[in-house]
Each structure stands twice: as C-alpha cells, then as structure tokens.
Amino acid sequence: MSRKNLKVCIVGTGYVGLTTGVCLAGIGHDVVCIDIDEKKIRMLKAGQSPIYEPGIEDLLKVAADKLSFTTQYTDCKDADVIILAVGTPSAKSGKADLSYMEAAVTEIVNYLHGEKFQVVVNKSTVPVGTAQRTEMIISSILHKQNRQANFAVASNPEFLREGLAVHDTFYPDRIVIGAKNTEALNSLRNMYAPLLEQTFAAPKACPRPEGFPLPALITTDVTSAEMIKYAANSFLATKISYINEISGLCEKVGADVTEVARGIGLDKRIGSRFLQAGVGWGGSCFGKDTAAIINTGLEYAYEMPIISAAVAVNKRQRSRMIEKLQESLKVVRGRTIGLLGLSFKPDTDDLRDAPALDIIRYLVEMGARVKAFDPIAMPNCKAYYPELAVEYTDDVLQLASGCDAVLLITEWDEFRRLPLEQLAERMTGSKVFVDGRNIVDPGVAQEAGLLYIGFGRSGYESGW
Ligand code: UGA
C-alpha cells in the first residue's frame with residue numbers, strides 16, 4: 001500500500017490529544033488540534049504547551065509547519081481522520097462521563113459528508129460499546145438532517161504514560177486498531193505506517209532508544225479494542241496493588257519487598273515492571289478506569305472482585321503512610337511534617353488523584369503543620385487546591401528544616417540523591433523519614449541520622 005500524508009483533526013488538547021497531535025505532525029501528517037478552551041489554543045499558537053510533558057514544546061517547534069490550532073471544528077471538513085481525545089472523567093457513580101465526547105461528536109457530524117471517506121476515531125478511554133454508540137449518534141443526526149456521509153467509527157486506544165508520552169507515542173509496544181470497516185483500517189494503518197518501519201527516524205527531540213523493537217500492530221473488532229484499554233490499565237493497577245499487599249506481609253515477617261519483587265520479577269511470566277511497592281498508584285487513569293470497568297461489569301450483573309480488591313488495597317496504602325508516621329511519632333498533632341513530592345508520579349505536574357493530596361488532608365485533620373516541596377507541581381497545587389493548608393518551600397533543605405518527619409511521596413530523580421546528612425541536621429525530634437517509594441538506601445539513611453521507614457522493608461525498621 002502506498003503511503004500518503006493524511007489530514008488529521010484532533011479534538012481535545014489534553015495529554016492524549018496534544019501528544020498525538022504533535023507526534024503525528026512530527027511524522028509528516030497535516031494536523032489540526034481543536035479545543036474549546038481558548039486559553040489553551042492561544043498558548044499553543046504561541047508555541048507553548050499548556051501541559052508539562054517532556055518533548056512537546058520541541059515538537060511544537062520542529063513540526064510547526066504541519067500543525068495548527070483552533071477553537072473551531074470547520075477543518076474537520078477536509079479531514080481524512082478525526083480523532084476524539086476529549087476528557088472522559090469519572091461521574092460520581094464510577095461511570096465514565098461521556099458528555100464532552102457526545103458534545104464533540106455532535107459538532108463533528110456537521111463536517112462529515114459523502115465526498116470522501118472519513119474515519120472518526122475514539123482515542124479517549126471510553127466504556128465498551130462507545131464506538132457503536134458514537135456511530136449511532138452520528139447516523140441518527142445525519143438521518144434527522146436528511147444527509148448522508150461516507151464514514152466509519154474506529155477505536156484506537158492509547159497506552160502512553162504521562163511524563164513519557166512522546167516516547168510512548170513514537171515507540172509503543174503495540175498499536176491497537178479496532179474497526180470493522182477495511183477502509184477505516186487501511187486509513188489508520190497508513191496514519192501509523194512510519195512508526196511501523198525499521199527506518200523510522202523520529203524528530204531529533206525523541207530518538208529511538210537503542211535496540212528498541214518495532215511495535216506490534218493489532219487489528220481487531222471495536223469492542224475488543226475498547227476492552228483492551230480497560231483490561232490493560234486494570235491489570236497494571238492490580239499488579240501494583242498485588243506487590244503492595246505482599247509488602248504488608250513482608251513487614252510482618254521481616255522480609256524486604258524490594259528483594260521479593262526482584263526475585264519474582266525475573267520470572268519472565270511475571271516481569272519486573274510495575275512491582276514497586278509504596279504509597280500506591282494515583283493519576284487520572286487507574287482510578288477512573290478501574291471504577292469504569294467495575295461499573296461496566298455491574299451493568300451486566302457481573303462482579304469483578306479482583307479489580308475491586310486492587311482499588312481497596314490502593315486506598316489502604318495511603319492510610320498506611322499515616323499509620324507508619326503515627327507508629328513512629330506517636331503524637332502527630334502539633335508536629336511539622338514535610339512532603340517530598342506532590343505529583344502522582346515524577347516528570348509531571350499532574351496532581352489528579354495524587355496520593356499526596358489525601359496524605360496532606362489526613363495530616364491537616366490530625367493537627368499537623370504540613371510543608372511540601374515538589375520540583376514542578378507546586379504551582380498547580382497552589383492553583384487547583386488553594387484550600388490545602390500547606391507551606392510550600394524552595395528546596396529539599398528548606399523543606400526539612402524544623403520537620404519531625406519527612407515523607408517521600410513521589411520518586412523524582414533528584415530525590416534518589418538526597419543530601420541525607422544535611423536533611424537530618426535540619427530536622428528535629430526523632431527525624432523520621434518515611435520512604436513512600438522505597439528509593440532511598442535504608443542503611444545510608446540510618447547512617448545519616450534518620451529513622452528510616454520504608455514500605456515492606458521491615459528488616460531495616462528493626463535495625464537490621
Ligand atoms: C497509565 C498507563 O501506564 C498507561 O499505559 C496508560 O496509557 C495511561 O495510564 C492512560 O490510561 O492514559 P500513567 O497514569 O501516566 O499511565 O502512569 P503510570 O506510569 O502507569 O503510573 C501510574 C501510577 O502507578 C503512579 O502513581 C505511579 O507512581 C504508580 N506506580 C507505578 C507504582 O506505585 N508502582 C509501580 O511499580 C509503578
């Protein structure tokens with residue numbers, strides 16, 4: 001099949017939409033990014049990314065002639081592919097809220113026509129059945145307007161991780177395309193063709209890591225494609241909760257969970273990734289997607305006890321952090337507690353469902369004075385959670401100053417090389433250090449004068 005550059009419209013400039021947009025432009029397609037948020041579009045037109053994501057601003061420059069940004073849907077008229085990448089937040093019931101999605105679909109119908117074939121792609125994480133529903137909505141609007149269009153709806157879930165979104169888009173493990181229509185399948189195959197070629201040279205901003213394999217292309221039906229996304233995220237969330245459950249028992253019996261994870265992870269059937277015990281998962285995806293898959297099950301009167309337990313274990317990890325603090329300090333009221341890290345993981349300023357938020361709330365309720373330092377996420381925390389009684393600091397030493405305990409919540413790279421002795425010098429009382437990500441060497445921390453407490457590393461706590 002000969003390859004051609006496509007005209008691609010992307011609706012939604014969040015993590016998924018914007019990353020997909022700049023990367024598709026980076027491989028030569030003509031991309032229009034649409035968002036109803038005028039402020040975001042103004043920033044993007046000025047070459048600034050509204051989100052912190054390594055590589056995006058470089059690509060905005062490199063692929064500038066292939067990219068445009070607008071609040072209008074009119075460009076969808078000439079599009080070969082229209083990608084829906086709007087938010088699908090959790091409603092209170094746990095169901096995914098599809099109102100943004102439906103609003104976007106209602107807009108794009110106006111630009112579907114019969115002159116050429118157009119594919120509407122669901123890239124947002126949407127409940128199983130949404131592609132079919134999207135097709136029904138479009139058909140019913142066209143019917144009402146007494147119009148016809150030459151289109152198909154496909155599902156093309158993404159698996160990118162925040163902080164590594166550009167890398168994951170250029171070098172995914174797999175590309176999943178769910179479509180029953182061959183023309184749609186071919187169009188999307190064409191769109192991704194450069195990524196599937198050995199000779200693919202990504203823009204300088206994101207070179208192929210040495211020895212990195214080509215992605216597998218999985219073509220399947222739409223419903224299975226939708227299910228793949230939920231099953232993948234729920235599995236990853238469950239894997240983390242599994243090692244966290246094991247970490248609790250390690251504490252009881254005197255084992256070290258990092259050793260246990262190493263020992264089981266080398267079994268290729270298990271794999272070593274996503275076995276880091278600690279304060280648990282956060283972010284906009286795992287919580288939302290586990291809730292949504294459980295909810296889909298309930299709609300069919302089908303319980304999902306494993307995934308439900310993974311959610312419960314994750315919640316418990318946040319409380320475990322506080323329990324550990326209480327066990328060591330005894331009295332938390334009136335103490336000064338410092339948080340190292342606020343974002344739900346490193347290399348992002350995203351605070352959605354971040355463990356730090358719950359931990360701050362618990363500490364404030366218990367009467368503690370809370371200080372925090374995060375290399376990137378502090379402005380977001382101030383802006384989105386102004387109600388949190390937190391004293392923000394400029395660096396790790398200022399954070400430690402006067403603290404009875406320091407809690408490491410996010411494994412930012414710079415926290416792997418903390419000046420532990422200087423930290424200890426500035427702290428007070430029993431100088432408790434709770435390592436919520438098990439990234440600090442317990443022996444070195446103790447040598448530096450800290451009372452080290454990890455997750456699932458009980459041997460060290462009893463002075464191993
Ligand atoms: C996750 C998935 O990894 C992506 O494949 C998926 O595309 C994305 O959701 C999505 O649905 O959009 P993300 O939420 O960016 O990506 O972050 P992860 O790197 O998966 O980390 C999630 C959470 O798990 C973080 O809070 C992290 O600290 C925690 N985690 C991760 C652990 O506690 N232990 C681990 O071993 C690994």
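In this predicted model, the shell around the ligand has ten nonpolar, seven polar and four charged residues. The shell counts 21 residues around the ligand. Of these, Glu-162, Gln-276, Trp-281, Gly-283 and Cys-285 come nearest. Helix 8 gives the most to the shell, with three residues. Two domains share in the shell. Both domain 1 (7-220) and domain 2 (236-461) give residues to it, so the ligand shell lies between them.

The two domains were examined next. The domain assignment of the protein gives domain 1, residues 7-220, and domain 2, residues 236-461. Their centres, taken over C-alpha atoms, are separated by 34 Å. Domain 1 and domain 2 also touch. The contact takes 13 residues from domain 1 and 15 residues from domain 2. On the side of domain 1 that touches domain 2, six residues are nonpolar, five are polar and two are charged.

Helix 8, which gives the most residues to the ligand shell, spans residues 222-253. Its packing against helix 11 (residues 305-329) was examined. The axes of helix 8 and helix 11 come within 9 Å and cross at roughly 55°. That angle makes helix 8 oblique to helix 11. The crossing of helix 8 past helix 11 is left-handed. From helix 8, the contact uses Ser-234, Ala-237, Thr-238, Ser-241, Asn-244 and Glu-245. These residues meet Ile-306, Ile-307, Ala-310, Val-313, Asn-314 and Gln-317 in helix 11. By class, the contact of helix 8 with helix 11 divides into five nonpolar residues, six polar residues and one charged residue.

Helix 8 also meets helix 10 (residues 286-299), and the two axes come within 9 Å. Here the axes cross at roughly 115°. Helix 8 and helix 10 form a left-handed crossing. Helix 8 brings Tyr-230, Asn-233, Ser-234 and Ala-237 to this contact. Helix 10 brings Phe-286, Asp-289, Thr-290, Ala-292 and Ile-293. The residues of the contact of helix 8 with helix 10 divide into five nonpolar, three polar and one charged. Ser-234 and Ala-237 of helix 8 take part in the contact with helix 11 and also in the contact with helix 10.

A further helix pair was examined, with helix 4 at residues 99-109 and helix 5 at residues 130-144. Helix 4 and helix 5 pack at an angle of about 40°. Their axes are 10 Å apart. The angle makes helix 4 oblique to helix 5. Helix 4 passes helix 5 in a right-handed crossing. Glu-102, Val-105, Thr-106 and Val-109 are the residues of helix 4 in this contact. They meet Thr-134, Ile-137, Ile-138, Ile-141 and Leu-142 in helix 5. The contact of helix 4 with helix 5 has six nonpolar residues, two polar residues and one charged residue.

Methods
Residues numbered from 1 in each chain as written. Predicted model: local features only at pLDDT ≥ 70, side-chain atom pairs only at ≥ 80, totals over all residues. Axes fitted to C-alpha atoms, helices over the stretch in contact; angles between N-to-C directions. Helix = DSSP H or I, 4+ residues; strand = E, 2+ residues; numbered from the N terminus. Parallel < 35°, antiparallel > 145°, perpendicular 65-115°, else oblique. Left-handed = near helix turned anticlockwise from the far one by under 90°. Contact = placed C-beta atoms within 7 Å. Nonpolar A, V, L, I, M, F, W, Y, C, P; charged D, E, K, R; others polar. Near = placed C-beta within 6 Å. Domains from an automatic or database assignment.
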